[in-house]
Structures are given as C-alpha cells and as structure tokens.
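Here is a short note for a colleague who is opening this entry for the first time. Please read the points beside the structure.

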Amino acid sequence: MSKETMNEQDFNRLINEYGTEILRLCYLYLKDYQLAEDACQDTFLRVYKKFHTFKGNSSEKTWITRICINVCKNYLRSSWLKRIVLNDKKLKNKKVSDKELFDRLEDNDLFKSIMKLKPKYREIILMYYYQQFTVKEIAEILCISESNAYARLSRARKELKNRGIGEMVYEQS
Amino acid sequence: MNNLENLRDYIDENLESIKITDDIRNNIIRKSKISTYHNLKYIAIIALPILLILCLAFSDPISYAAHKVLRYVPGINKLIYTDVKNQAYGLLGSVEMLIGEKYIKVNSAYTEGNTVTLIIEGNVPLKMEGNKGLEHQIIAIDEYKNVAELTSWDMIWDYDDYQWSGRITYTFNDMVKKFNIVYDKHAMPIVMTELPEVSSKEHNYISIEDIGVDIAVVTNYVENKLEVNLLAQANDSTKSVSFPLKDIYLLDDKGEKYYCINTNSGNILYFDRKLEPGIKLVIPYILIEDTDLQAKVTISKDNELPVNIKIGDNNLIINSVEWVDYIERFNYKTPENDCQLIEKAAQKVKLIINKNLSGTKELKLYNILANVDEKELNKYIVEGVKCIFVDPSEENNSKITNDDYKELILYNIKEGQQEINVTFTNPIFYTTNKVIIPIQP
C-alpha cells in the first residue's frame, strides 16, 4: 500500500481487518454503544486523513489503536458530545441496552475488577490481554518508555492480585 | 473467566453483537469522501469574507464568480440579491446533430440575461454570399416558436477540408433555458442547466482579443485516436497564424500532460487520449506573421545605438551593430560540371535585435526578414550573367529560447560600404502567454 495516499480498496481492508476490534475497544472505553460507533468512525476518518503521516515504523494496528485511544479520551472529556448522543433516536431502537450488555460482561469478577481499575491500569490491561500488543507496542501507543509501560503493566496486575483476582503473568519478550 | 489470558475470548464472546456492520462501514467511507469538502470549509472561512468584500467592491468581472461561490453559503442570498434573470445557465456536455454524413455540434451554450452564446462547429454547408446570411441558415427558436435575433457571430472556416467553427450570440424575447437550433429541416434541442460551479463558459473556441486572433478546436476520434484540428483566424487578412504543433499538449484536471503522437501537414494533431470533463488544450505559444508590415532603416558605421525600428504599432530595438570584413567564397558548377570558385572581399553586418517589443508585452519577435539594397551588395559574373550571391545559410531557422535577443547577419555587402539601407519585412511574432482552450467531451 502506498504510504502517500489511500484508495478505497485499502481503506476497506483496514476497516475489515481492524474495524470490529477498534469498535469493541471504543465500547470498552466509552461504555456507550452510540459513542463507541461515533468514536470508531472518527478513528477511521482520522486514519484516512492522516495516512500520509504513517511512516510504517510501527504496525498499522499499533498506529490505528493509538488514534483510537486519543479519540476515546477526547470523547470522555467532552460532556457536550455525550448529551448530543443521548438524544440520538438510534439509541432508542437498540435491542440490548448498554447497561444490560455491561451487566452481562461484569458478571465475571475478573472483568468487573478490570473495569474498576484506574483508567491507566485498565487501559494497559486491555491493550496487553485483549488487543494482545507487546509491551514495546504499548509504549509506542501510549507515548511512554518501554520500562514505564512494563512498570505500569506490573502495577496493574498487582492491583488485580491485591483484589484477589487473576494470576501474575509476566511479559515474555 | 478466571485468567487474564482468556480476556480476549471472554470479551469477544460477550461483545459478539458489537461489530462493524455494512452501515458503519458505508458511513465511514461516505464521510471519508466528503472530508475533502470539510477541509475546503476552512479555506472558505478565510476566502469568503475576502470574496464578499471583492464582490461588493467591484462590478461585473468578478461578481459572476463571487455570486456562484457565495450562493452556497446559507443565508447569503438574502445579503446579496441575485436577479433570477442574471442566473447563468449552460451546457454540461456537447450536443451533436447528424445530418447524413455531415454534422452540427454545439460545444458550449451559456446565458447572459436573455442572450445565449453558442460555440458551435460543423461541416454542413453554409453559404455566406448573397442575401441568405447566417441568420437564415442556423436559426434559434424558443419553446414558444419565437425566432431569436442573431446578434453577433464570429466564424472560422477551413475550406480545404470543409469545416467551420464559431461563436454565435442570439437574443431571445426572454431568458431561456431550452431552445432549438434549426438547420434546414433539422432541429436540435439545446437544454441548459444552472452552471454547477464557476466553470469555463466557452469550450473549443477562444478569442485572444489583445492580438486579434480567434482559435477553434474541432475534435474527432479516428481509429481510436483523438484527432484535434486547430482552426485559426486573425482579424486582419495580412496576418497568418501558425502553431508549434509538437509543443502542444492536452492537460487533464490532475495536471497530467499528454503530447501528440502524430501530426499531419495541416494543423491536425493526434493524441492517444480520450476526452473527459475538465480537459484542456494548451498551446504554449502561437506564431503570427504579418506580411504587410515593413520598415526601411539606414544602418551606418556611425550609427548611435540603440537603433529603433518602427514596425506597425510596435518598435524593434537593435542593441548592437557589428561590421566585419571577410572574404566571400562562392562555389558554383559550370554546365560542363567544372567547379569554379569566386573570392571577393566583402563585409557582413551582425545585428543583435531585442525580441521584446516596446509597444506590447503580449508579443515577442520570433523572426524577421532583412534585405539589403541591391546596389550595396557584391555582384558576380556567372556564365556571363551578373548575379548576387545569396548565402543559403542565411535562412533563419529560429527557435523560441529564453534568450531575449535575436542575431541577424547580413552578408556579402560591398567592401568599403559605409552604410546600408535595410528593409525589414514579414515579421513573425510569438505570444508570450500560453493559450489554454477548454475542450468539451
């Protein structure tokens, strides 16, 4: 794929390959399907517009995830957007509410504990175990050093362990 | 799930219903396509106030463009009143009518109030002699059967391969969006639409008013190749127009250039390219020879420089004059095939002429003939006949260069001649600006 421009075929491939995972990541971040869908769309629009800046130093997935996380953080900071989306008629048509869906997810103690972690610990756990990035990739996405990422992951695990949940799994480099 | 290693499977199972659907994908694709439009909005935020001021400050030349742009801004129509009668309508593509093996094609049509200007071409016979003028041969009739008045026309004919092209303006009783062009018993409906953007009003025909030249482009496909026939007409019969055929190119809206793959002896070029919206023909320069212009100048060894030569409305400037003594060697063969050599002391005068003309910036000098008075040239006796030797290399084979000067050398001037009378004739000028002609597919 050209590093300068992106044609529709390439763009479709990126959406097919990473779309669902990005949408689910948005959902886990925002806990609101409508917001997640909007954030997912915004993520891919930014990917489309900024593709010429993608140097290929990291993987596509790393680069897209970094954009996605920034979009989600911006959404969380924007209460205005929340109010707009809450009035969206699509929400009323949704068969399963976000609360029901999350209740189902949080039926599991481990997942519930993850979601109750501090945001920066929750984020790194999701990246490492759900998106299965390496520590090096996580460091790139979060723009922190590798040792910092490793320390943060260790603390997140420790936090979970302190809550009596999960096992200590160490990074295999 | 009781192990972090199973987190991925756990989330994917429970969020199975959350996935990229066709709706979401189509939404993203659609938004990506209009993102360019959104980027333009930021430019518009800066440009619109400037356009608005320009629109209010200046009159007609920019108001058409400004109105076309500004009307897309919500509410702006309330600020700037646009008379419906001044709304511009035009053709989005060419319209052709076949009459046997002949044709008439309208490449452009656009309104200005109740007038409609057509760029029209064809090869059906048009007789311009006698009392049957053009207004009786190509007739415009509105939908209520009212015949429009032919207000003005310019036509270019190619009589060798009968073909014509021109610009005709009709005045209707009222503003029209559709009308018929009638030739003989044949009618061709012309339906115009509101121009979607600030676009070229005229296609396939251009008037270069500064130099009084009209150029028409007639296109056709021949054996899968695009044939482009250039017709030109100067408003003065003493002027003739020619083109640098190999330097002409097609320019598409992506900025790609396409040079012709072949030319014929006339002004016909062949391109390996199909016409598409937005394509233009670019003529880097055109050559105009004026056979009527001449100027007589005395050039002496005592001349003060520069020497000004008034030629037509313009001034040529000779910046440098250099007299050089040399031996003229003249070879010729007798009828018995014996080679003979004549040697004679002679002078040559090297003139450096500025290509820029003092009266115009649109034209520069390409070439000019200079003839020295016969009495001031060496004469030779060849086979008992007095003759003047003319150096065959004297014929100038000029090319456009970035050089601002042209060198002209006058040979075979008598030894000891202190001045010469030179007649400059047949100047050829070239245009300094490109000629760009939008072509209708």
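Contact here means heavy atoms within 4.5 Å. The model is predicted.

1. Two helices in chain A. Start with helix α8 (residues 119–130) and helix α10 (residues 146–162) of chain A. Their axes come within 9 Å and cross at roughly 100°. Angles of 65 to 115 degrees count as roughly perpendicular, so α8(A) is roughly perpendicular to α10(A).

2. Who meets whom. From α8(A), the residues in contact are Lys120(A), Tyr121(A), Glu123(A), Ile124(A), Ile125(A), Tyr128(A) and Tyr129(A). On the α10(A) side they meet Ala149(A), Arg152(A), Leu153(A), Arg155(A), Ala156(A), Arg157(A) and Leu160(A). By class, this contact has nine nonpolar and five charged residues, and no polar ones.

3. Chain B overall. Chain B has four helices and 30 strands. Of its 441 residues, 43% are buried. Take the contacts in chain B with a separation of 6 or more: residues 24 or more positions apart account for 66% of them.

4. A four-stranded sheet. In chain B, an open sheet runs in the order β22-β23-β24-β28, with antiparallel pairing. Which strands are at the edges? They are β22 (307–311) and β28 (405–414) of chain B, and each pairs on one side only. From one strand to the next, the twist averages 45°.

5. One pairing in that sheet. β22(B) pairs with strand β23 (residues 314–333) of chain B in the antiparallel sense, over five bridges. Look for Ile309(B): its bridge partner in β23(B) is Leu316(B).

6. A cis bond. Most peptide bonds are trans. The bond from Leu305(B) to Pro306(B) is cis, with omega near -5°. Pro306(B) sits in the loop between β21 (294–300) and β22 of chain B.

7. Two asparagines with positive phi. Most residues other than glycine have a negative phi. Asn204(B) has a positive phi of about 65°. Asn426(B) also has a positive phi, of about 45°. Asn426(B) is in strand β29 (residues 419–431) of chain B.

8. Buried or partly exposed? Buried means under 20% relative accessible area. Asn204(B) is at 0% relative accessibility, so Asn204(B) counts as buried. Asn426(B) is at 22%, so Asn426(B) counts as partly exposed.

Key
Residues numbered from 1 in each chain as written. Chains lettered and ligands numbered in written order. Predicted model: local features only at pLDDT ≥ 70, side-chain atom pairs only at ≥ 80, totals over all residues. Heavy atoms only, no water. Pairing = 2+ DSSP bridges. Axes fitted to C-alpha atoms, helices over the stretch in contact; angles between N-to-C directions. Parallel < 35°, antiparallel > 145°, perpendicular 65-115°, else oblique. Nonpolar A, V, L, I, M, F, W, Y, C, P; charged D, E, K, R; others polar. Buried < 20%, exposed > 50% of the residue type's maximum accessible area, 1.4 Å probe, protein only.
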